[in-house]
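Here's a quick briefing on the model shown below.

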Amino acid sequence: MKSRKRAGQIHPLVTQLRFTRSEFLRTIKGVTEKDARRRLLPMNCLSWNVGHLAWQEQRYFLGFGMDQQPYPDVQAEFTTGGPASTPKLARVLAAWRAITSAADPWLDGLTTDDLLTDAMNKGKPVGTTFGNLLQRVIYHYWYHTGENMAIRQQLGHKRLAQFVGNIDDKAPFRK
């Protein structure tokens, strides 16, 4: 499916994704490279979680949406069920930023009709709609947002965020 420019606002689910991404980034703000790579079993480390969400955005939005996979290493290293690793935070964060930046123009063009369209992978149906995939990404971010905060608490980090950020201004409810 190709993105197409449309008049009007960005779809409300895309706005929610953007807010969710910003909340996820708050969970790694100020984290040292050493702490980002520390693994507290059975959880993965913070940096792996960043790579994992980069993998999901690349797979769903760049792959299924635009038939692109610019980071095959992300696909190989951070897939669901893949082996645990402790990658450098700077590396996975750079890939995450590149992938989300590449996905944003496509996401900006989505309409409700687009979100009701079945996603395709290499010409074959994936078995769900783009809207369901978008929701899955949002909920997946929230899962790892909580996990990241638990990891940081276990690492002894202080003065952590205690509640969702400024959703009223950044991603208010709208129809």
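Rings of Phe, Tyr and Trp (its six-membered ring) count as a pair if their centres lie within 6.5 Å; planes under 30 degrees apart are stacked, over 60 edge-to-face, and the rest tilted. With that in hand, here's a cluster to look at: Phe-61, Trp-106 and Phe-130 form one aromatic cluster. Bear in mind that this is a predicted model, where local features need pLDDT of at least 70, side-chain atom pairs count only at pLDDT 80 or more, and totals for chains, interfaces and linings use all residues. Residues are numbered from 1 along each chain as its sequence is written, and side-chain values use heavy atoms, with hydrogens and water left out.

**Aromatic pairs**

- A pair of aromatic rings is described by the distance of the centres and the angle of the planes.
- There are six aromatic pairs in the structure.
- One of them joins Phe-24 and Tyr-141 edge-to-face, at 5.3 Å centre to centre with 70° between the planes.
- Phe-24 sits in helix α1 and Tyr-141 in helix α7, so this pair ties together parts that are 117 residues apart in sequence. Helices here are DSSP runs (H or I, at least four residues), numbered from the N terminus.
- Phe-24 and Tyr-141 are both buried, where buried means under 20% relative accessible area, exposed over 50%, and partly exposed in between (1.4 Å probe, protein chains only).
- Trp-106 and Phe-130 make another edge-to-face pair, with 5.4 Å between centres and 65° between the planes.
- That pair links distant parts of the chain, with Trp-106 in helix α5 and Phe-130 in helix α7, 24 residues apart.
- Trp-106 is buried at a relative accessible area of 1%, and Phe-130 is buried at 3%.

**The nonpolar core**

- A nonpolar core is a set of buried Ala, Val, Leu, Ile, Met, Phe, Trp, Tyr and Cys residues joined through side-chain atoms within 4.5 Å.
- The largest one has 40 residues, and Leu-17, Val-50, Phe-61, Leu-107 and Leu-134 have the most contacts inside it.
- Helices α1, α3, α5 (89-108) and α7 each supply at least two residues of this core.
- Helix α3 brings the largest share of this core, ten residues.
- Take Leu-107: setting aside residues up to four places away in sequence, Leu-107 touches Val-14, Leu-17, Arg-18, Arg-21, Phe-61 and Leu-134. Contact means heavy atoms within 4.5 Å.

**Pockets**

- On a 1 Å grid over the protein atoms alone, a pocket is an open set of points where a 1.4 Å probe fits, with protein on both sides within 12 Å along at least five of seven lines; lining residues have an atom within 4 Å of a point.
- The largest pocket has a volume of about 210 Å³, a volume being the space filled by probe spheres set on the points, which are joined across faces, edges and corners.
- Its lining has 14 residues, and Arg-26, Thr-27, Met-149, Ala-161 and Phe-163 lie nearest the centre.
- Both α1 (12-26) and α7 (130-154) supply at least two residues of that lining, and α7 gives the most, with four.
- By type, the lining of the largest pocket has six nonpolar, three polar and five charged residues. Ala, Val, Leu, Ile, Met, Phe, Trp, Tyr, Cys and Pro count as nonpolar, Asp, Glu, Lys and Arg as charged, and the others, Gly among them, as polar.
- The second largest pocket holds about 180 Å³ of space.
- Its lining splits into one nonpolar, six polar and three charged residues, including Gln-58, Arg-59, Phe-64 and Lys-122.
- Helix α3 (residues 46-66) gives the most to the lining of the second largest pocket, with four residues.

- Trp-96 is in helix α5 and counts as buried at 4% relative accessibility.
- Beyond four places in sequence, Trp-96 touches Arg-21, Leu-25, Val-50, Leu-53, Ala-54 and Tyr-141.
- Ile-10 lies in the segment before α1 and is partly exposed at 30% relative accessibility.
- Leaving aside neighbours within four places in sequence, Ile-10 is in contact with Thr-15, Arg-18, Asp-108 and Arg-174.
- Thr-15 is found in helix α1 and counts as buried at 18% relative accessibility.
- With neighbours within four places in sequence left aside, Thr-15 is in contact with Ile-10, Lys-170, Ala-171 and Arg-174.
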